[in-house]
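Please read the points below with the sequence and the model open beside them. They are set out as a colleague's note for a reader who is new to protein structure.

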Amino acid sequence: MVLRIPLRRSASFTPDPQSLVEVPSPAMQRMEANVLVLGADRVGKSALTVRFLTRRFIGEYGDTKSIYSHSLAVEGREILFHIWDFSYSQDGADESSAEEKRVQWADGFILVYSICDRASFNILHPKVQFIKAAKEATSQEKVPIVIVGNKRDLHHQRVVSSEEGRLLALSVDCGFYEVSAAEAYHGSLMVFQGLAERFCEAKLAPKRGTGIRGIVKSMSAVFARKRTDSL
Ligand SMILES: Nc1nc2c(ncn2[C@@H]2O[C@H](COP(=O)(O)OP(=O)(O)OP(=O)(O)O)[C@@H](O)[C@H]2O)c(=O)[nH]1
């Protein structure tokens with residue numbers, strides 16, 4: 001599904017086009033995915049996104065409310081990501097229907113919290129549940145989601161342990177990474193690569209209800225119907 005959202009580029013941040021595209025070999029299969037980057041205010045959503053796009057950390061991000069495209073090679077495929085770094089602070093508290101539309105626009109989700117901000121961590125569990133409920137109502141695919149604990153460099157201010165982050169991710173079947181967007185490019189690359197892998201898995205996996213369990217279920221339904229017909 002493609003929702004047309006106007007592309008807005010910030011005046012304070014202009015990605016260098018040279019650094020945006022890793023050119024794939026012609027034989028590569030190409031896939032596209034819309035990615036929504038979500039989380040509480042000031043957790044580093046823009047820092048993480050800009051790191052991935054440009055390899056740089058620029059400290060303050062101003063109004064980077066935009067959708068940026070960037071491609072990544074994963075397992076012999078080229079994934080073209082359209083990344084929406086969404087900030088509630090810029091849009092204010094909006095209606096749940098707007099949130100629902102954003103969620104339906106996206107094919108994959110990066111949920112960011114700060115390891116120094118307990119409240120930013122606590123909002124993620126209900127957020128994952130909301131996303132899964134919304135997506136699974138309209139699609140049979142598993143929803144690709146990764147949870148990211150950012151600001152790992154601020155270990156002296158840490159209030160959320162790595163184990164808590166990992167356990168949350170395990171309990172809701174999401175990927176998990178702890179990174180510092182400030183310190184290194186590698187962490188943000190891992191996050192987007194992890195999401196790309198989950199996206200490919202979801203696309204290639206048998207749809208819910210079509211695997212062996214689905215076949216057994218439909219056969220049981222047919223036989224049950226035959227039994228009742230013959231009564
Ligand atoms: N120490 C440290 N600071 C970070 C890191 N990532 C982001 N920051 C800082 O945290 C602040 C917020 O970063 P942003 O990337 O603007 O956060 P955001 O979640 O996009 O913020 P909003 O769009 O306002 O919701 C900025 O001052 C960043 O420089 C990090 O990994 N370590």
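**Notes on the core, the sheet and the ligand shell**

1. The largest nonpolar core holds 43 residues, and V35, I110, L111, V146, V148 and V191 touch the most other members. Such a core is a set of buried Ala, Val, Leu, Ile, Met, Phe, Trp, Tyr and Cys residues joined through C-beta atoms within 7 Å. A residue is buried if 20 or more other C-beta atoms lie within 10 Å of its own, exposed if 12 or fewer, and partly exposed in between, with C-beta atoms placed from the backbone. Two or more residues each are given to this core by β1 (29-39), α2, β3, β4 (108-114), α6 (124-136), β5 (145-150), α7 (162-171) and α8 (185-204). In soluble globular proteins, nonpolar side chains tend to be buried together.

2. This is a predicted model, in which local features need pLDDT of at least 70 and side-chain atom pairs count only at pLDDT 80 or more, while totals for chains, interfaces and linings use all residues. Residues are numbered from 1 along each chain as its sequence is written.

3. Which residues does V191 contact, leaving aside its neighbours within four places in sequence? They are L48, I110, V146, V148, Y177 and V179; a contact requires C-beta atoms, placed from the backbone, within 7 Å.

4. The protein has nine helices and six strands. These are DSSP runs numbered from the N terminus: helices are H or I of at least four residues, and strands are E of at least two.

5. Six strands form an open sheet with mixed pairing, in the order β2-β3-β1-β4-β5-β6; two strands pair if DSSP finds at least two bridges between them. The edge strands, β2 (67-74) and β6 (175-178), each pair on one side only. From one strand to the next, the twist averages 25 degrees, where axes are lines fitted to C-alpha atoms and angles run from 0 to 180 degrees between N-to-C directions.

6. Strands β2 and β3 (residues 77-85) run antiparallel and are joined by eight bridges. A73 stands opposite E78 in β3. Two residues lie between the strands of this hairpin, in which E75 takes a positive phi near 50 degrees.

7. The ligand is surrounded by 20 residues, the closest being G44, S46, A47, S87 and A182; the criterion is a C-beta atom, placed from the backbone, within 6 Å. Helix α2 (residues 45-54) supplies the largest share of this shell, three residues.

Key:
Two residues are in contact if their C-beta atoms, placed from the backbone, lie within 7 Å.
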